[in-house]
Amino acid sequence: LFHWLTAAAVLTLLATGLLPLVGIKFDWVPVHWITGVVLLVLVLFHLVRSVIWQKLRCMWAPGPRGRKYGKYSPAQKLMHLAMTIVILTVVATGVVMMAKVDTPFWERNPYLLSAETWGYVYVLHGAASLLTVTLVMIHIYFGLIPENRMYLRSMLKGWVTREEIAVRHEWCGNR
């Protein structure tokens, strides 16, 4: 559920942020900032869940040489690290950019930062957004190749057999 909610939020943000740039006109700002807040809540939930209930070493530990890797392969760990950096950059700059949007909670303040600083915020936000497009494409590609069908099924149905995991992974934790 978390994976699909996050995917829906990221794809909605990419669509509302990039479609106006290619000439598709619609009132995208409210949908964009509300979805951005949803993504922020999901990121905070994932952070708390990862630190408190999951074993971080399963995600970040490189694994011993010559042995099967833990719960995640080195490629999966690198993908997660890249997505973490990119999404945190997009979320952080998006939160700052919300100062320029009127919401029911505050009035816009475009003078919060200097023009030069706003430029850096926009460049970081845009670059991280384009990197997100690239990472989403890579993520979908690797989810569709035949040797990863167990991962695709786990995303769609929420389960992988212990036998499938045992072929590629050493069990890490109690999940």
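This is a predicted model: local features need pLDDT of at least 70, side-chain atom pairs count only at pLDDT 80 or more; totals for chains, interfaces and linings use all residues.
Close-up 1. Start your tour at Leu19, which sits in the loop between helix H1 (2-18) and helix H2 (28-52). Is Leu19 buried, exposed or something in between? Its relative accessibility is 32%, so Leu19 counts as partly exposed, because that value falls between the 20% limit for buried and the 50% limit for exposed.

**Close-up 2. Helices H1 and H2 cross each other.** Here you can follow H1 and H2, the two helices on either side of the loop that holds Leu19. How do we describe such a pair? Two packed helices are described by the angle between their axes and the distance between the axes. For H1 and H2, the axes come within 9 Å and cross at roughly 150°. The two helices are therefore roughly antiparallel to each other, because angles over 145 degrees count that way. The crossing of H1 and H2 is left-handed.

**Close-up 3. H1 also crosses helix H5.** Stay with H1 and find H5, which covers residues 115-144. The axes of H1 and H5 come within 11 Å, with a crossing angle of roughly 135°. That angle makes H1 oblique to H5. As for handedness, H1 and H5 cross in a left-handed way.

**Close-up 4. H2 meets helix H4.** Now switch to H2 and look for H4, made of residues 74-97. What angle do the axes of H2 and H4 make? They cross at roughly 135° and come within 11 Å. H2 is therefore oblique to H4. The crossing of H2 and H4 is left-handed.

**Close-up 5. Tyr72 and Arg168 are 96 residues apart in sequence.** Where does Tyr72 lie? You will find Tyr72 in the loop between helix H3 (56-60) and H4. Tyr72 has a relative accessible area of 27%, so this residue is partly exposed. In space, the C-alpha atoms of Tyr72 and Arg168 are 9.1 Å apart.

**Close-up 6. The protein chain has helices and zero strands.** Step back to see the whole chain: how many helices does the protein chain have? There are seven helices, and the elements run α-α-α-α-α-α-α from the N terminus on. The chain has 175 residues, and 27% of them count as buried.

Note on methods: Residues are numbered from 1 along each chain as its sequence is written. Side-chain values use heavy atoms; hydrogens and water are left out. Helices (H or I, at least four residues) and strands (E, at least two) are DSSP runs, numbered from the N terminus. Buried means under 20% relative accessible area, exposed over 50%, partly exposed in between (1.4 Å probe, protein chains only). Axes are lines fitted to C-alpha atoms, for helices over the stretch in contact, and angles run from 0 to 180 degrees between N-to-C directions. Angles under 35 degrees count as roughly parallel, over 145 as roughly antiparallel, 65 to 115 as roughly perpendicular and the rest as oblique. A crossing is left-handed if the near helix is turned anticlockwise from the far one by less than a right angle, and right-handed if clockwise.
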